[in-house]
Amino acid sequence: IEIEDIVQIVKEEVEALSGKEIRDNDENVFFKSNIIDSLNMLHIILFLEQKFSVKIDLFFTNRESISSINKIAKYIKARTEDSIDGHS
């Protein structure tokens, strides 16, 4: 799956849950913002884990690395490539 596809899927989910249009995919939408609250963040994490068959562990993951739509898309892309290569 291409990074652009992941970005679009994440963006659509964030917009659907927040009811807000995201104009900047580099904006911190998950932490330190009024866009996504903690309950919706958990919903998005579960959705993305199921959609892409990856594990996103908030306890062990640097939150800055998954704070924006572009960053979480890159994270997912890397995780899906790792699992395809057998390095999961």
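I began with the surface: the accessible area of the protein is about 5,500 Å², and carbon and sulfur atoms hold 49% of it. I note at the outset that the model is predicted.

**Overall form**

Along the sequence the pattern reads α-α-α. I then took the box around the C-alpha atoms along the principal axes, which is roughly 35 × 25 × 20 Å. For 88 residues a compact globule would have a radius of gyration near 12 Å, and the protein, at 12 Å, agrees with that. I recorded that buried residues account for 42% of the 88 residues. Among contacts with a separation of 6 or more, 54% join residues 24 or more positions apart.

**Core**

Which residues touch the most other members of the largest nonpolar core? I listed Val-10, Val-14, Phe-30, Leu-48, Ile-56 and Ile-76, out of 25 residues in that core. The helices α1 (3–18), α2 and α3 (69–84) each contribute at least two residues to this core. As background, nonpolar side chains tend to be buried together in soluble globular proteins.

I followed Leu-48 further. Leaving aside residues up to four places away in sequence, Leu-48 touches Val-10, Ser-53, Val-54, Ile-56, Ile-72 and Ile-76. Val-10, Ile-56 and Ile-76 also stand in the list of core residues that touch the most other members.

**Helix α2**

I checked the span of α2: its 15 residues reach 21 Å from first C-alpha to last, close to the 21 Å expected at 1.5 Å a residue. The buried residues of α2 are Asn-40, Met-41, Ile-44, Ile-45, Leu-48, Glu-49 and Phe-52. These buried residues pack against α1 and α3.

I examined Asn-40, which lies in this helix (residues 38–52). Is Asn-40 buried or exposed? Its relative accessibility is 18%, so Asn-40 counts as buried, the cut-off being under 20%. I also took the separation of the C-alpha atoms of Asn-40 and Ser-18, which is 8.1 Å, although the two residues are 22 residues apart along the chain.

**Helix α3**

I repeated the span check on α3, where 16 residues reach 22 Å between the first and last C-alpha, close to the expected 22 Å at 1.5 Å a residue. I noted its buried residues as Ile-69, Asn-70, Ile-72, Ala-73, Tyr-75, Ile-76, Lys-77 and Thr-80. Their cover includes α1 and α2. In an α-helix there are 3.6 residues a turn, so residues three or four places apart point the same way.

**Ser-53**

I turned to the loop between α2 and α3, where Ser-53 is found. Ser-53 is not a glycine, yet has a positive phi of about 55 degrees. With a relative accessible area of 60%, Ser-53 is exposed. I note again that Ser-53 is among the residues that Leu-48 touches.

**Aromatic rings**

How many aromatic pairs does the count give? I found one aromatic pair. Edge-to-face requires planes over 60 degrees apart. Both Phe-59 and Phe-60 are exposed.

Terms used:
Residues are numbered from 1 along each chain as its sequence is written. This is a predicted model: local features need pLDDT of at least 70, side-chain atom pairs count only at pLDDT 80 or more; totals for chains, interfaces and linings use all residues. Side-chain values use heavy atoms; hydrogens and water are left out. Rings of Phe, Tyr and Trp (its six-membered ring) pair if their centres lie within 6.5 Å; planes under 30 degrees apart count as stacked, over 60 as edge-to-face and the rest as tilted. Buried means under 20% relative accessible area, exposed over 50%, partly exposed in between (1.4 Å probe, protein chains only). Helices (H or I, at least four residues) and strands (E, at least two) are DSSP runs, numbered from the N terminus. A nonpolar core is a set of buried Ala, Val, Leu, Ile, Met, Phe, Trp, Tyr and Cys residues joined through side-chain atoms within 4.5 Å. Contact means heavy atoms within 4.5 Å. The expected span of a helix is 1.5 Å times one less than its number of residues. The radius of gyration is taken over C-alpha atoms; the globule rule is 2.2 Å times the number of residues to the power 0.38. Accessible areas come from the Shrake-Rupley method with a 1.4 Å probe; for residues, only the protein chains shown count as cover.
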